[in-house]
Amino acid sequence: MIVVTGATGNIGRTLVPLLADAGEDVVAVSRRPEPEELLAEVRHARADIGNSSSMRPVLDGADALFLMLGGELNSHGEGPHALIDAALDAGVKRIVLLSSQLNSTRPEALSHTRLRTFEAAVRASKADFTILRPGGFASNAFAWAESVRTKRTVFAPFGDVPLPVIDPADIAAVAAAALHEDGHVGRTYELTGPEAISPRQQSAALSRALGEEITFVELSRDQAHAHMAQLMPEEVIDGTLDILGNPLPAEQTISPAVENVLHRPARPFSEWVARNLPAFQ
C-alpha cells in the first residue's frame with residue numbers, strides 16, 4: 001500500500017492515478033474532504049501530515065509514503081521525526097520526499113529551513129528513501145491566468161531571464177517510479193524541464209496556444225514584491241525574486257534526471273500550456 005500526502009494538490013492529482021494504473025493499492029491523503037475527481041478504486045483519508053496522531057491510522061499497513069510538506073508544516077509545527085517515526089512504526093519501508101532544488105543551490109535559504117530539516121531526517125531514517133528536488137514549476141504560470149483571461153496581458157518581473165521550469169506531471173511521474181520501481185533507493189534527483197524559458201517566452205507560448213496576442217508587461221522588482229506580498233510570506237519573497245532575477249548557473253542548468261528515470265524527454269512548457277489552456281481562455 002502506498003500513502004500519498006498532498007493528494008489534492010498539483011502533483012498529487014497526477015501521482016495518485018499513475019500509481020493506481022500501475023496496480024498499486026493507493027490511499028490519497030488530504031486535509032480537505034474527498035475530492036470529486038478521485039478514482040473509484042482509490043481510498044481517501046482525511047488527515048493532516050502536521051499531526052502525526054491523525055496520520056498513524058492512515059499509515060497502518062503501508063509499504064511506501066510520498067511525503068509533500070504543505071501549508072503550515074513548511075514553516076512550523078511538529079518536527080520531522082514525529083511523522084517519520086509514525087511511518088516506520090506502521091511498517092513503511094520506502095519514503096519519497098518532495099524537496100526543492102534550492103536545498104542544493106542555496107543551502108542557507110531561510111525559506112527552506114524546514115524542508116532541509118525534513119530532508120535530513122528522511123536521509124537519517126531506516127527507510128529506503130528517494131529525494132526529489134525540482135526547480136521552478138511550469139504551473140507557476142497559473143498566477144497569470146486572471147490577467148490573461150481579462151486583459152490578455154502577462155505581468156511579470158525579469159522578462160528575459162530564462163529558467164528550465166518543470167511540468168508538475170513530470171515530477172509526479174518520477175515520484176511514481178521511485179515509489180513502485182526498484183533502482184531509486186538512496187538517490188537524489190534534481191528535476192527540471194527540457195529547456196530554459198523566460199517569462200516573455202512563456203507569454204509568447206500562451207499567445208500561440210490561444211491564437212491571440214498576449215501583451216507582456218515587465219514589472220520592476222519593487223512592483224513584483226508588492227504583488228507577491230499578497231500571496232507569499234515576506235521571508236520567501238526576496239529569495240524568490242533573487243532566483244527569478246539572478247539565478248545561479250546551476251539553477252539554469254538542464255538536468256537529465258527526468259529522461260534518465262522515465263526514458264523519455266521532459267515535457268516542454270508548451271505542452272503544459274496545451275493541457276491547461278482552459279484556465280487562460
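**Helix packing and local backbone geometry in the predicted model**

Helix α5 (residues 113–124) comprises 12 residues and spans 17 Å from its first C-alpha to its last, close to the 16 Å expected at 1.5 Å a residue; the expected span is 1.5 Å times one less than the number of residues. The model is predicted, so that local features require pLDDT of at least 70 and side-chain atom pairs count only at pLDDT 80 or more, whereas totals for chains, interfaces and linings use all residues. Residues are numbered from 1 along each chain as its sequence is written, and side-chain values use heavy atoms, with hydrogens and water left out. Helices (H or I, at least four residues) and strands (E, at least two) are DSSP runs numbered from the N terminus.

Within α5, the residues Arg114, Leu115, Phe118, Glu119, Ala121 and Val122 are buried, that is, under 20% relative accessible area, with exposed meaning over 50% and partly exposed in between (1.4 Å probe, protein chains only). Because these residues cover an arc of only 165° around the axis, they lie on the same side of α5; the arc is that of the directions from the helix axis to the C-beta atoms. The elements covering the buried residues of α5 include β4 (64–68), α3 (80–90), β5 (94–98), α4 (102–105) and β6 (128–134), contact being defined as heavy atoms within 4.5 Å.

Helix α3 also packs with α2 (residues 52–59): the two axes come within 9 Å and cross at roughly 25°. Helix α2 is therefore roughly parallel to α3, given that angles under 35 degrees count as roughly parallel, over 145 as roughly antiparallel, 65 to 115 as roughly perpendicular and the rest as oblique. Axes are lines fitted to C-alpha atoms, for helices over the stretch in contact, and angles run from 0 to 180 degrees between N-to-C directions. Ser52, Met55, Arg56 and Leu59 of α2 meet Ala82, Leu83, Ala86, Ala87, Asp89 and Ala90 of α3.

Most residues other than glycine have a negative phi. Arg152, in the loop between α6 (145–151) and β7 (153–157), has a positive phi near 50° and counts as buried at 18% relative accessibility. Phe158, in the loop between β7 and α7 (168–180), has a positive phi near 55° and counts as buried at 19% relative accessibility.

Ser207 is located in helix α8 (residues 199–210) and, at 17% relative accessibility, counts as buried. Residues up to four places away in sequence not being counted, Ser207 touches Glu212, Glu213 and Ile214.
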